[in-house]
Amino acid sequence: MARDRNPSRRHSRALAASVAALTVGGIALAETPASAASLPKGHDVSSHQKNIDWQKTKSKGARFVYVKATESHTYRNPYFAQQYNGAREVGIVRGAYHFALPNRSSGKSQAAHFVRNGGAWSADGWTLPPALDIEYNPYDKKHKCYGLSTAEMVGWIKSFSGEVKRLTGRRPVIYTTTHWWNTCTGSSRAFGSNHALWVARYGSASTGALPAGWSFWTIWQHDNSGSLPGDQNVFNGSQAQLRKFAKGS
């Protein structure tokens, strides 16, 4: 997804398959986004999209959105309030995500910054669980895994997740790719049983191979542009399941 140190350009990503565990019984799917058109459509946005016409976005089919709230332990999206609250006002299920920089500070400190600045959750059926965006380092290609060993990376994610759970009552959704996960966590299987995962893979008929620990996906990010502002996503279930996933039931 989007970094914000250089707002003029979105960084390139090594996009591969991933799969998400769904607490409300999502189905395994291996179809193109076009053939999955009946699934709830969603997107994710950041400061790149600025102020959004949410009524227009809803009319184009948006049923859910993730909004970038924070990055590292200092950055806050200046458009967060308009994006997050505006989506809710027109009846779009919304949630917040954090862009992780594990080399800048601890998982616990970044989780606390995130929850203080938009990453909170409530069981109202309109608020998606907080999400952790963790992917290759966009600022230093020589240290794609942020200079952390696989064990250190797993520990960092556990620290972030534990603090989010303590502060909000929900485990975070994990956004990543199979390639990043297997490379930077050493194919850790420590998260698949209790963390929903957000698949990121473009230009493919399916999500493809799954990262270690997961057997199906919850959200598939299948393109970085389309009819909705920002990246394009689908939810692996019905609209009713989407609301249940948001509510935590």
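This is a predicted model: local features need pLDDT of at least 70, side-chain atom pairs count only at pLDDT 80 or more; totals for chains, interfaces and linings use all residues.
Trainee: Why is the pair of Tyr 66 and Trp 198 called tilted?

Mentor: Their ring centres are 4.7 Å apart, with the planes at 35°. Rings pair if their centres lie within 6.5 Å, and planes under 30 degrees apart count as stacked, over 60 as edge-to-face and the rest as tilted.

Trainee: How do you know whether Trp 217 and Trp 220 are buried or exposed?

Mentor: Buried means under 20% relative accessible area. Trp 217 has 1%, so Trp 217 is buried. Trp 220 comes out at 0%, so Trp 220 is buried as well.

Trainee: Why does Thr 176 count as buried?

Mentor: Thr 176 has 0% relative accessibility, which puts this residue under the 20% limit, so buried it is. Thr 176 lies in strand S6.

Trainee: What makes the approach of Thr 176 to Ile 134 a polar contact?

Mentor: A polar atom of the Thr 176 side chain lies 3.1 Å from the backbone oxygen of Ile 134, and the cut-off is within 3.5 Å.

Trainee: Which residues touch the most other members of the largest nonpolar core?

Mentor: Ile 134 is one of them, along with Trp 156, Ile 157, Ile 174 and Trp 180, in a core of 38 residues. Helix H4 gives this core its largest share, 6 residues. As for Trp 180, the residues it touches beyond four places away in sequence include Ile 134, Met 153 and Ile 157.

Trainee: How do you know that the span of H4 is close to the expected one?

Mentor: H4 has 19 residues and reaches 27 Å from its first C-alpha to its last, against 27 Å expected at 1.5 Å a residue. After H4 comes Gly 169, with a positive phi near 90°.

Trainee: What makes Arg 170 a charge over a ring?

Mentor: Arg 170 lies over the face of Trp 121, at 4.8 Å from the ring centre, where the distance limit is within 6 Å. Arg 170 also lies over the face of Phe 245, at 5.8 Å from that ring centre.

How values were computed
Residues are numbered from 1 along each chain as its sequence is written. Side-chain values use heavy atoms; hydrogens and water are left out. A nonpolar core is a set of buried Ala, Val, Leu, Ile, Met, Phe, Trp, Tyr and Cys residues joined through side-chain atoms within 4.5 Å. Buried means under 20% relative accessible area, exposed over 50%, partly exposed in between (1.4 Å probe, protein chains only). Helices (H or I, at least four residues) and strands (E, at least two) are DSSP runs, numbered from the N terminus. Contact means heavy atoms within 4.5 Å. A polar contact is a pair of N or O atoms within 3.5 Å; within protein, one must be able to donate a hydrogen and the other to accept it, and residues adjacent in sequence count only if both atoms are side-chain atoms. The expected span of a helix is 1.5 Å times one less than its number of residues. Rings of Phe, Tyr and Trp (its six-membered ring) pair if their centres lie within 6.5 Å; planes under 30 degrees apart count as stacked, over 60 as edge-to-face and the rest as tilted. A charge sits over a ring if NZ of Lys or CZ of Arg is within 6 Å of the ring centre and within 35 degrees of the ring normal.
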